[in-house]
Amino acid sequence: MEILIAIAVMALGALTLGAALGYAAIRFKVEGDLITGKVEAILPQTQCGQCGFAGCKPYAEAIVRGEAEINLCPPGGDEGAKKLADLLGREFKPVSGGGDGEAVKPRLTAIIREAECIGCTLCIQACPVDAIVGAARQMHTVIETLCTGCELCVKPCPVECIDMVSVPETLATWKYAYPIIPIKSAERAHDVPNNVGAMNDTQSSHRKVA
Amino acid sequence: MLQKLFKFKGGIKPAHHKAESQGAPIAIAPLPGRLVIPLSQSAGEAAQPVVAVGDRVLKGQFIGRAEGWLSSAVHASTSGTVVAVEPRLMPHPSGLATLSVVIEPDGEDRWLPLQAPDYKNMSPKAVLQYLQDAGVVGMGGAGFPSHAKMQNSTVLEDLVINGAECEPYITCDDRLMRERAGEIVAGSRVIRDLLQVKRVLIGIEDNKPEAIAAMREAVEAMGETTFSVVVVPTLYPAGGIKQLIRVLTGKEIPVDKRSTDLGIQCFNVATALSVWRALNLGEPVVNRIVTLTGNVEQAGNWEVLIGTPMNELLALARPKADTDGIIMGGPMMGISVPAFDVPVIKASNCLIARSPALFPPPPPEMPCIRCGACARVCPQELQPFELYWWSRARQFDKAQAYNLASCIECGCCAYVCPANIPLVQYFRFSKGEIRAAAKEQKMADSAKARFEFKQFRAEREKAEKAEKLARAAAAQAAKLAAERDTPPGGESDTAVYAADAKQAVIAAAVERARLQRAETDSRDA
């Protein structure tokens, strides 16, 4: 008799818990693929296709499916590959495919030589992030602040009037360098007023005489 | 009025070096040979030039229009001719050039006819607009546009007027308070009325007794009962906004809040004076008081036109032969300017002539010995050694978790560090990287949104086209069916007509298919 009661109690428990879990699985179902979203958030969204996929989202999906390596994204650089390695628990691989670690490409922006543009709209169609404005038989131009530097517009241009140029540093984009005092050659060391700018360390030297 | 004072944690007491320059009254600096006026002198967007090469300008004339709300106008500091509008070096640690207006003075120093605004009858918004157009920015060194600080979105209680001037060497605010206390108090009153605060606290460090006396006298002469001049103990960095507010009111500003969230706004004494000049005389900001000190024969304070080259200005103080550079600001928070001839800007409160004897090259950085001295002096109650480790290792998320953003870069930690670690440099590096990463993330998010919208658009266009084709085909079929049902004339006629229609439909379909193929081909290519 006791054994039957025990079985009944266990069965009841299993049913109750099973029902609760089943309900929770439906009620609290998470929409979308969470891990893909996280991977995609790390990718730089240049949509350049240098990874061999048709954009950042397809690449993220391929990484999650285990079909792609995490070091195929040159715009993200080693920094991005490291973040992906951390997130996915995979081994970090440098983007350059071995060799010297820091292989981050400098940021570029597309510039249309406007006098030569024939207004064919091919670059507008190629731009994945809608950063080129213009219309048929009208001059096109790149909105530089929106350009991700993916270079996808360069190839379709029939008159080759698109250049990729590096983005010049301005007061708004300038930032302090890592505070390692660079080793200067003997002749460079003389032009002090011209290179003290980045490295003003008067706080500690002020103390020595105070 | 006796007021209870509070204390902030930490702080240091460096040698003052104020005696050298505080004695002599403010003198007017002579007109320089050239004026180079940078168009980005304040925080926020750079002003846009509104003059061209060859234009004649008068003193106080608009030369740079404010671009957006967080920006400030720029004016000609003297009368003369615009000889260039081009990128020039400016006093900034980057050593980068920014768009500047170069003026050759005509020697007359003739003002534009000034007209004081009727600010008492203007709406607060119009007054702020006026201040923006007058180029009024924080004169204490940060250069934040003042009008942007006067937009009272919250109810304010206290106005703090900062006359602490805690950094060594600098005495320009001290002299200003001694000589122009009346104007400072009048300006503070205008700000008080704009912000509708109940109390005005003027905080001055106790090492400036003459300034305290002059300010007290001015307040009494105005008969203002809401004003009080409060003497605060001399302790660097008592002039930091957060520290001064702590000392005067006992309120500590939380990490994620601003002083206005606690009902307090703060302005420098020189800013109060600029506000007064702008509103009472209609005079835009074209000059400021600059302390010339350091490795010089005759230190002092000068009233200087904005845009004066620093080497011409420093010559007035007769720098000694071994001067090898200029520091703009104080020795704790100032910057070494990238060249001798960079111009004085609105934020240049002090120029210190550098010499190897006065500021020897920093001793080599040694490993951190975990002594904790930096944490004991940090006025923001941070743990600089933790921030240093994370910054050094480029672990910026960790540095942020340790509240790197709260660091005011006062340099107390680097000052006491026995291992000579340039801590502030590490923090500035980290902050720059964090800011850049945040900006990049924002750009990536917007690029993603645009990419997704483009894809959505392509899908929609495809769907619309398919629908249109389907509709056209259906219409054609219906038409054909209708024609078959009701023949319009003779039997033979109908047959010919139907055959024609059939041909036309086929031709149209072939044409459509061809077009579609061409389109997909060009897309694939």
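## Helix α11 of chain B and its cover

The buried residues of α11(B) are covered by elements that include α10 (373-377), α12 (396-401), α13 (412-416) and α14 (423-485) of chain B. The model is a predicted one. Helix α11 itself spans residues 384-392 of chain B. Its buried residues are P384(B), F385(B), L387(B), Y388(B), W390(B) and S391(B). Just past the end of α11(B) comes R394(B), with a positive phi of about 55°.

## The parallel sheet of chain B

Chain B holds an open sheet of four strands. The order is β11-β10-β9-β12, and the pairing is parallel. Which strands stand at the edges? They are β11 (227-232) and β12 (264-268) of chain B. Each has a single partner strand, so one side of each lacks a neighbour in the sheet. From one strand to the next, the twist averages 25°.

Take one pair in detail. Strand β10 covers residues 199-205 of chain B and pairs with β11(B) over six bridges, in the parallel sense.

Helix α8 of chain B, residues 269-281, has another setting. It lies across β9 and β12 of chain B. Its angle to β12(B) is about 85°.

## Domains of chain B

Chain B is split into domain 1 (123-282), domain 2 (373-428) and domain 3 (487-525). Between domain 1 and domain 2 of chain B, the C-alpha centres are 29 Å apart. How many residues make the contact between domain 1 and domain 2 of chain B? Six residues of domain 1 of chain B meet six residues of domain 2 of chain B. On the domain 1 side, the contact residues are three nonpolar, two polar and one charged.

## Chain A: elements and domains

Chain A has seven helices and four strands. Starting at the N terminus, they run α-α-α-α-β-α-β-β-β-α-α. Of the 210 residues in chain A, 24% are buried. Take the contacts in chain A between residues at least 6 apart in sequence: 52% of them join residues at least 24 apart.

Two domains are assigned in chain A: domain 1 (34-88) and domain 2 (106-174). Their C-alpha centres lie 24 Å apart. Domain 1 of chain A gives six residues to the contact, and domain 2 of chain A gives seven residues. What classes make up the side of domain 1 of chain A that touches domain 2 of chain A? That side has one nonpolar, five polar and no charged residues.

## Confidence in chain A

The mean pLDDT of chain A is 81, with 80% of its residues at 70 or more. Among the elements of chain A, helix α1 (residues 2-27) has the highest mean pLDDT, 94. Helix α6 (residues 192-195) of chain A has the lowest, 39.

Two stretches of chain A call for a note. Over residues 97-103 of chain A, pLDDT stays under 50, and the model shows eight contacts beyond four places in sequence. Over residues 187-200 of chain A, pLDDT is again below 50. That stretch has 22 contacts in the model beyond near neighbours in sequence.

Methods
Residues numbered from 1 in each chain as written. Chains lettered and ligands numbered in written order. Predicted model: local features only at pLDDT ≥ 70, side-chain atom pairs only at ≥ 80, totals over all residues. Helix = DSSP H or I, 4+ residues; strand = E, 2+ residues; numbered from the N terminus. Buried ≥ 20, exposed ≤ 12 C-beta atoms within 10 Å, placed from the backbone. Pairing = 2+ DSSP bridges. Axes fitted to C-alpha atoms, helices over the stretch in contact; angles between N-to-C directions. Domains from an automatic or database assignment. Nonpolar A, V, L, I, M, F, W, Y, C, P; charged D, E, K, R; others polar. pLDDT = per-residue confidence, 0-100.
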